[in-house]
Amino acid sequence: METKQYTIEELCELTGFSRRTIRYYVQEGLIDPPAGRGRGGFYFDSHLNKLRQIKALQDDGLRLSQIQEVLKIGKKPEMAPLREIWIRYPVEPGIEIHIQRELDESERKKLVEIIRVAKSILKGGTNDE
Amino acid sequence: MSDEFGLLSSKSGPIPLIGVKVDGDILGRGARVTVSQRFRNIEKTAVEAVYKFPLPEGSAICRFKAQVNGRTIQGQVEEREEAFEIYDDALTKGDGAYLLDEERPNIFTLSVGNLNPGTEAVIQIEYVMLLDTEGKRVRFFLPTTISPRYIPDEMADDNGIPVDEKLHPPYAADVSYGLFIALRIHKGSLLDSVESPTHQVRIENLKGDPINVTLSAESVRMDRDFILYMDFANSQVSRAYQYRTDKESFIQLDFLPEKDPVVEKRKDQSHGEGLKREIVFLVDCSGSMQGDSIQEAKRAVEACIRGLEQGRRFNVVRFGSSHESLFPKAEIYSEKTANAALAHVKNMDADLGGTEILNPLRKICSSKGKERISYKDIILLTDGEVGNESEVFDLIKKSNGRIRVFPVGIGAGCNEYFIKGLGRAGGGASEFIFPGERIEPKVLGLFGKLEQDMITDLAISWGTRSLDQAPALPVAFTGSPVTVFARVEGASIGKSKLALQGRVNGREEAWAIEVVDSYETGLPIPVLWAREKIRDLEESVVGLVRGSRQEERKQNQLKDRIIEISKTFGVLSQSTSYVAVEEREEKDKTTGEVTLRKIPVLLTIGWHGVGRLKAAAPTFAGIADDVECYQAELDLGSDEISDISFELEENVPVFDALLMKQPAPPPTMEKLRSGGVKAYPMFKKRKQERVRTNLLLHILNLQRPEGGMILDGAAAGALGIELSHIHRAAGRMTVRIPVHHIQWMPIDPVLVLSTAILIQILESHFGDHYDRWRNVVGKSRSWLDEIIGQFRPEIDGQDIMSYASSIANSARIPRF
């Protein structure tokens, strides 16, 4: 549970971002919208951490487009993602294959093939059925 | 994003902008313009409308207000981020708020916040500016859309926001709003003609005060610049205008240094001055130039190459994502190299991708010529659609005058700030070519500027009291107007004349310029001073060294100074914004969700080859002295305007037919007064002048790379000279061939005679276009003088020049 609340002014103060920039990041979905209705809502530590993370990457000379890439694919060890997204592929009741990232078309085909073979093995058949 | 949160972002949806109206008053060079943008929210929820739009880069924005629910809310200038906070606070409270940011001197972002369902808001932005002048011509310019800028990969974000986001609106193939323009030109009696190369306009109350100029259509597509040319009967004169307040006075100095006839003559004979500087034609072949633009650029380069003098070093470089030079090092101009260059240009296409202009410029700035020549003039042909303007300016400024840049803006909506700013940074001059406008006169005009003498160490004696001059270091050339502003302590400078000193070609020169009171200009000089000062400060930020403390302090000081001037004079800058807050009663406050609506804009016509714009039917009106005031609507079809295309490849304008065509009989006064007249006497005068100009340009095009000019059928017909007569006379030419030349007959008699005739025709009949033909004639003369010196050509016992002069004198020149 997040308890500490920040106003946008406090967030600016703590991160060094201008209010214009923070509003823009919310608008672009880089950080979640504030809690509560409209512009007057509150921000939490999760917002603060995300902004600090963006700031650190900017100080390394990264542009926002690059930062968006890093935020999407890069996992910084000290900042484990709050939720991990796994995609579930059911094989049989009680058996699932979990994949942590999006697959491209050829990988997806391979996966389907694996599931097909797995099903057939589980049913007692052979893999060259 | 879920709509349980108040901030919604959506790119599609109804466009809350209904229309744009531009009202302007023009007096001489001064313009005061109000841009009104009408917004209406037809949605069920409140909206925040964000509209990015262009204005002229020289405009001093001095008023911002919002009219909403019968109230007028005046905006005020605040530091950029503070202004945003005021805006943001107001929106948070549910009030209405209006914000105008300057992203570039020619790109602005308007935010209209919390526009409640069913309500309307009219935003009014007022600016003043001095219009560009060239001789007797004054140019009113208004951009209408923002072409997509190329932003280099390595360009850093601005305060954490991508540059792309700051500069670019969303684009649409069609939009529901349009533009209407109404201009009033005061003291119309001083004008000879008014014309627009870009739009159909209605011109009323000619010669009256004011002349009314409006767009013929009620609403036009905002996909091209609007340009209006006003030709005055007299040229601008050097003069200083003084604006007094209690404590200080502001001066606008219009300085038009005349050419020194002695120097000019010497130059024409020797061409010595120009030979030192190498010329590089730098042609933008990026994708945005596809279509009309690259064709225009190619024609301009061709015209330039034909006009170069023998012996000048030159090169042609084209660029996009990559760049390539025609010659590895600049080559000396000769028939051979010129033909190679022309063939190269003919095959150019806009196929080089992005607009990476820094790389070729860096290369040109660093490479040295074969003989340690490092002084270069770059003629850059581009639409200027880049987002890294100031980096490019910095690069050129660092060359300290060693590299001069003469940018030519191509297209229906080029980046005016880039073109003019680069000209300022590179100590050169800029020019603009709208699609369909004739290229040759503009290019020749620019060529004339290459040869102008720079006035160095220009010092103006404003008086002894503290002063603030803008620009601090004015760049002045003989023959070109320059304007300098000053803020001086005390209610008056107490002088009737200003003394100026400078050096031209190493010689000390002095000028004295009359000081008059400012009401003659009709513009607030303090505002113009502030704008010029802000620009001077903004553009003086050179070479920011990353991480340098000292540099950072300097930057901050400059920024503070800009903010102070901007707030004191109410003139917008890139460091400040205009903000207006509409406080609302509790019942009117916005409470529900607010939808963000970014206003889509049209792409510039012709950009990236999108759409084509061949000579938009121009409208122009002439004003003669012999006709009383009257009102007439001029709607001239293209058949009335004998515009001859000078496609260099085809090159077959038919002057004979043009001259033979009898002008329509002068209409009766009754007919004039009743309107609906298509041609009338002063229009004829104007047309005659066009015929004459066409003829001049055609003659200039006859020059061959080595310098000779060959008379062709079209020119001969127009001049009333029989070509067969020339051929017969040339056949009787005798020459003295020196012994060592006996093996070859090196000259073409027809070419020699034609050149002698054409030089004399230009010199004796086109004196008023001296700047246009000076270079061409100079080059032809050197070529001819050399031949005369060696071979002494004679016809019927007369020397060639005397024989040619009798033919030149009998030529029929269209007069006006």
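Colleague: In what order do the elements of chain A run from the N terminus on?
Modeller: They go α-α-α-α-β-β-α, with helices (H or I, at least four residues) and strands (E, at least two) taken as DSSP runs numbered from the N terminus. Mind that this is a predicted model: local features need pLDDT of at least 70 and side-chain atom pairs pLDDT 80 or more, while totals for chains, interfaces and linings use all residues. Residues count from 1 along each chain as its sequence is written, and chains are lettered from A and ligands numbered from 1 in the order written.

Colleague: And how many helices and strands does chain B have?
Modeller: Chain B has 19 helices and 39 strands.

Colleague: New topic: where does Leu308(B) lie?
Modeller: Leu308(B) sits in the chain B loop between α4 (292-307) and β22 (313-319).

Colleague: Why does Leu308(B) count as buried?
Modeller: Because Leu308(B) has 21 other C-beta atoms within 10 Å.

Colleague: Which residues is Leu308(B) in contact with, leaving aside neighbours within four places in sequence?
Modeller: Ile279(B), Phe314(B) and Tyr333(B), where contact means C-beta atoms, placed from the backbone, within 7 Å.

How values were computed:
A residue is buried if 20 or more other C-beta atoms lie within 10 Å of its own, exposed if 12 or fewer, and partly exposed in between; C-beta atoms are placed from the backbone. Two residues are in contact if their C-beta atoms, placed from the backbone, lie within 7 Å.
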